[in-house]
Amino acid sequence: MRRLDKAFRAFFARIREGHVPGFPRFKGRGWFDTVEWPKDGDGCRWDSQPGHPTATFVRLQGIGHVRAHRHRPVRGRVKTISIKREGSRWYVILSCDDVPAETLPATGAAVGVDMGVASLVTTSDGDPLANPRHLEASAGRLAAAQRALACKKRGSKRRRKAVARVAALHAKVRRQRLDTAHKAALTLVRGYDVIVHEDLRIANMTRSAAGAIERPGRNVAAKSGLNRSILDAGWGVFLRVLAYKAESAGRELIAVDPRNTSRTCSRCGHCAKDNRLTQAEFACTTCGHTAHADVNAATNILRAGLVLRDAAEAA
Ligand SMILES: [Zn+2]
């Protein structure tokens, strides 16, 4: 009803402004996968049986008490509650106010991170943080499931089952990606005060426009469009998780322009395409410096970030 109200309010508001809006169209039960209660206690109540010894319940208007698996403690004050359907799973999503920040002790260290294919992130200290091999396995299964789906007859029961299988695999990949991102981001936030990363908007631009020239190895390694999209989404998820973990821990996050970071020598600054021999190897044609290509790029990213930081402090 809230959604319907919102749609009609917007419709009449546009009529008053003299526009010719389209009439709000009917959206059936299959259209939405979430329902949100804007206020805890108004139609919905988190932890509705606080005295219960073992389980947590959420009370939903018109349904009653529903048992929820509380996978981690709730911090802060519950503000809104949403219920989400994902395939055959149901989730309760809580958004909270007044969540206490968990600042971590200073470490005095700064790091640059390069986002790549062989490992999701590589630090300037040489640690490949997340190696998403399991994503590749899921990508294979997903491709097979999509091929199976393509030959099912429309409207058939088998097609419906195949659709559910594809959706379940997508959900699995999503969960694995999120898990990887959390682990990598936590390692960084615990170990470093200042974290410098590539600005993903610029990185994606250079990749799509001149990907084959800018980073030849990467596009060869990402064989199919499916792998590609899984990795692209992985970087975005990682940066989102990193941003909020850094904020909560009181860490400084700097985004830099990633152009040329993969072909510039981190020792002498010589920038040439020939420096990058293969996907993994970097060898400077001027000073002979050799390093793992991702570590070299991460070092350049760290340096660029620290320059930006000094400039901001001087201004
Ligand atoms: Zn060099």
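The legends below describe close-up views of a predicted model.

Local features need pLDDT of at least 70 and side-chain atom pairs count only at pLDDT 80 or more, while totals for chains, interfaces and linings use all residues. Residues are numbered from 1 along each chain as its sequence is written, and side-chain values use heavy atoms, with hydrogens and water left out.

**View 1. Salt bridge between Asp5 and Arg9 in helix 1 (residues 2-16).** The closest N and O atoms are 2.9 Å apart; a salt bridge is a side-chain nitrogen of Lys or Arg within 4 Å of a carboxyl oxygen of Asp or Glu. Asp5 and Arg9 are four residues apart, so about one helical turn separates them. Asp5 is partly exposed at 38% relative accessible area, whereas Arg9 is exposed at 57% (buried is under 20%, exposed over 50%, partly exposed in between; 1.4 Å probe, protein chains only).

**View 2. Salt bridge between Asp98 and Arg77.** The N to O distance is 3.6 Å. Asp98 lies in the loop between strand 6 (89-97) and strand 7 and Arg77 in strand 5 (residues 77-86), so the pair ties together parts 21 residues apart in sequence. Asp98 is exposed, at 61%, and Arg77 is partly exposed, at 46%.

**View 3. Salt bridge between Glu86 and Lys84.** The closest N and O atoms are 3.1 Å apart. Glu86 is buried, with 16% relative accessibility, while Lys84 is partly exposed, with 28%.

Note on methods:
Helix = DSSP H or I, 4+ residues; strand = E, 2+ residues; numbered from the N terminus.
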